Amino acid sequence: MNKKEIEARLASIHREAEGRAEHRKREGIPTIYIVMSTCGLASGAAETKHAFEEAVSHKGIRARIVPVGCLGHCYAEPLVVIDNPASGFPPICYHHVSAGRARVLVGSYLEEGDPVFEYVLGAMERTDLIPSVMDFPRFRLERRVVMEHCGRIDPDDIYQYIARGGYSALAGALASEPAEIIHRIEASGLRGRGGAGFPTGRKWRLARAAVTGGKIAICNADEGDPGAYVDRTILESNPHQLLEGLAICAYAVGANQAIVYVRAEYPLAVQTVKRAITSAKELSLLGFGILGTSFDLEVSLFQGSGAFVCGEETALIRSIEGRRGMPQHRPPYPVEKGLWGRPTVVNNVKTLSSLPAIVEKGGEWFRTIGTESSPGTAVFSVVGNVRHPGLVEIAMGTSLRTLIFDVCGGIPNNKAFKAVQIGGPSGGCLPERFLDTPIDFDSLRQAGAMMGSGGMVVMDEDACMVDVARYFLDFTQKESCGKCTFCRIGTSHLLNTLDRITKGNGREEDVELLETLGEDIKNGSLCGLGKTAPNPVLTSLRYFLDEYAAHIKEKRCPALKCRSLIAYYIDLEKCARGCEVCVGCCPVEAIFTTKGRKKGIDQKLCVKCGECLVACPREYDAVVRVSPPELAPVIERPPDEEKSAGGEG
Amino acid sequence: MGNPESQLNPEEGAMVEDIAAMLPAYEGRRGNLIPILQAIQERHSYLSGAAMKMVARHLGITPGEVYGVATFYNQFRFQPPGRHQIKVCLGTACHVAGGEIILENFERKLGIKDGETTPDREYSVERVVCVGCCALAPVAVLDDGVLGRMQPSKVEGIFVQFQVERQRQEREKAARESGEQEGD
């Protein structure tokens, strides 16, 4: 099969895609794009869609409603883009479009031509009429390769991806020799985006060289890091780019079988990928004789059952084989002996999704983005205490400060930045002095964090670093598969020690214990889980030792977070006579009326949930949180109160 | 191995029958173990002992091996869940935003602990690690709907809503019944 024939095959599909796009354009009716990925749905996108449907049919307006994937702007969900060509305005992006706003938009914009400026986020194109979102820092500072089409196409309509040039990289790859593709990937310097950063090209070369037949290519979408949802969003928003990358990978290494391994906890992603595989097969872009060539690729989907350790490739392979997902010794590496004993190449979602662009534009082009040692882009889900949380794709080498303060809008509520957690349970917390660190594999590792799978949690002054370390150890301790003694027992011992510290029972020698035990676990564990599990503790010890000291020596939590070390009380000077707001919100009826119809908190009953602090009207601001708890003044419950409370009970 | 079908209550009996009908669709190879367990849980919302024994027989492995694999993964449940399933997210972002307090509120309100079901099998509560809606933290999942930006006081509201809904249904049922009687 020569290059011309393959290109002709794709060209006919492409013509069909363009024809469909052209037809839609000629119709000239408004199109309403609604972001319907998991984040959007959680914010009520389904109700929004329903409201649009009802409103347009009620008013007899012809409009097309298209569900699209995630744009990455989770803070503004539900997001809607309305393209109303007849109005003369460019396509406009609207934020927080509730069902009510949807009805207003149909009436005002689609019917009367008024684009309702107060709901507008920005125009999707640059014009003189409405400021464009492209000029916002969020869009301007981003560099999208992996997420280029996310949120702009209907993930269930393969033609929309093809109309934007999709699958042409696969056609180009099929027309070249596999060795040439591998060479191009090596030249690009692409490193595995699963976290460890192993050069993708080298992995492929090893897999290509393996002599055993029946090779298998696996896409690792078992995103287990609690705080990352990058892979899920890509799967839900543009599954075809991933499948195209997977097919390129399989062709290059000589595999005829491919498996997409997706977490079962991502039901929408599972369904989207399944549909995408079917529609790609129908167009002969996957399956037998792809684009008329002799290359066959059977693609299936496997649902991961939720074990963090299965992100490790040997454990992932074990779980597909129907066994407990426990990591295996390497070598032999999966590229030599993997699933069912066959050579297996495992790549992350973001790695595979980067491939089409690299194959098409070349390794040199890819190297123009990012840094010398880490070319390309990084995708992060930035969450926590930032103004504009969401999914961000930036060029490698961008500083943490730019990402957190410029792209994501900085810390809300006039609070101060304290730390950023990168890499989830395998990563670490970096303090303010690391904000100018460039984001790339090596700089982050040097600082003690890790690229990981793209989870980034920003924390303000209210976060307790000891508590955060305890949280991650609680997670890794539960997720340890139990194979290595140091990981199995060591993490549990680390957790007990941290528990003790956060409860105010820390001992002087605990800091040293955490340090030495942490190092031992790193050395004594087989896989990435154990090797990195102590990182959250070790980095917080390195950068926030004073917080550990306050917990251990003064039995005080400086961030007022650890509940055993704090108390709430009501300042009688500030408390308003007769106000009952806190009484109503207390879930355990710990608040009583004391002298002068003011309120007090029964420390014995209080569960320290903090509801009263939130509920107390701002003009009184009478609820105070202190640490250590002994600082709270004792307010006795008046005897008659006690009696009546007892009587009610 | 004893006969798993013996001494089962009607509910479990129906489950066993259903599983017996679906198993032949799967080839009896080890690689199908997890997909089969997922399919059973999808249909019956948990894996009973009898179910796991049937799977073992189908694949020609010991029930112990099936149990060993099933308990390794977080997805599988071994007790029937409540009619309404409450999952409280305790991912990193939710933890920092106070997810534990949300979980405690559900536990206190229902009088059960994480992983348990109320005696009337109406509600079950469990903690999950990240549902991937971190930008909306803290998050809880109620049946299939994700509730973002949870607050302890919202927990109360959820149960009030359930109660109102139940009362409405009862009223409608009563009205229907009395209507039918009048019609007669």
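A residue is taken as buried if 20 or more other C-beta atoms lie within 10 Å of its own C-beta atom. In the predicted model, 55% of the 649 residues of chain A count as buried by this criterion.

The secondary structure of chain A comprises 26 helices and 18 strands. The radius of gyration of chain A is 28 Å, close to the 26 Å that the globule rule gives for 649 residues, so chain A is as compact as a globular protein of that length. Along the principal axes, the C-alpha atoms of chain A fill a box of roughly 90 × 70 × 45 Å. Of the contacts in chain A between residues at least 6 apart in sequence, 73% join residues at least 24 apart.

The largest nonpolar core contains 257 residues, and those with the most contacts inside it are Leu246(A), Ile248(A), Cys249(A) and Val139(B). Helix H11 of chain A (residues 239-253) contributes the largest share of this core, with 10 residues. When residues up to four places away in sequence are left out, Cys249(A) touches Trp204(A), Ala217(A), Val345(A), Asn347(A), Leu352(A) and Leu355(A).

Between the two chains, 43 residues of chain A are in contact with 35 residues of chain B. On the side of chain A that touches chain B, at least two residues each are supplied by helix H2 (38-42), helix H13 (313-320), strand S10 (377-384), strand S14 (455-460) and helix H18 (465-479). H2(A) gives the most to this side, with 4 residues. By class, the side of chain A that touches chain B has 22 nonpolar, 15 polar and 6 charged residues.

Key: Residues are numbered from 1 along each chain as its sequence is written. Chains are lettered from A and ligands numbered from 1 in the order in which they are written. This is a predicted model: local features need pLDDT of at least 70, side-chain atom pairs count only at pLDDT 80 or more; totals for chains, interfaces and linings use all residues. A nonpolar core is a set of buried Ala, Val, Leu, Ile, Met, Phe, Trp, Tyr and Cys residues joined through C-beta atoms within 7 Å. A residue is buried if 20 or more other C-beta atoms lie within 10 Å of its own, exposed if 12 or fewer, and partly exposed in between; C-beta atoms are placed from the backbone. Two residues are in contact if their C-beta atoms, placed from the backbone, lie within 7 Å. The radius of gyration is taken over C-alpha atoms; the globule rule is 2.2 Å times the number of residues to the power 0.38. Ala, Val, Leu, Ile, Met, Phe, Trp, Tyr, Cys and Pro count as nonpolar, Asp, Glu, Lys and Arg as charged, and the others, Gly among them, as polar.
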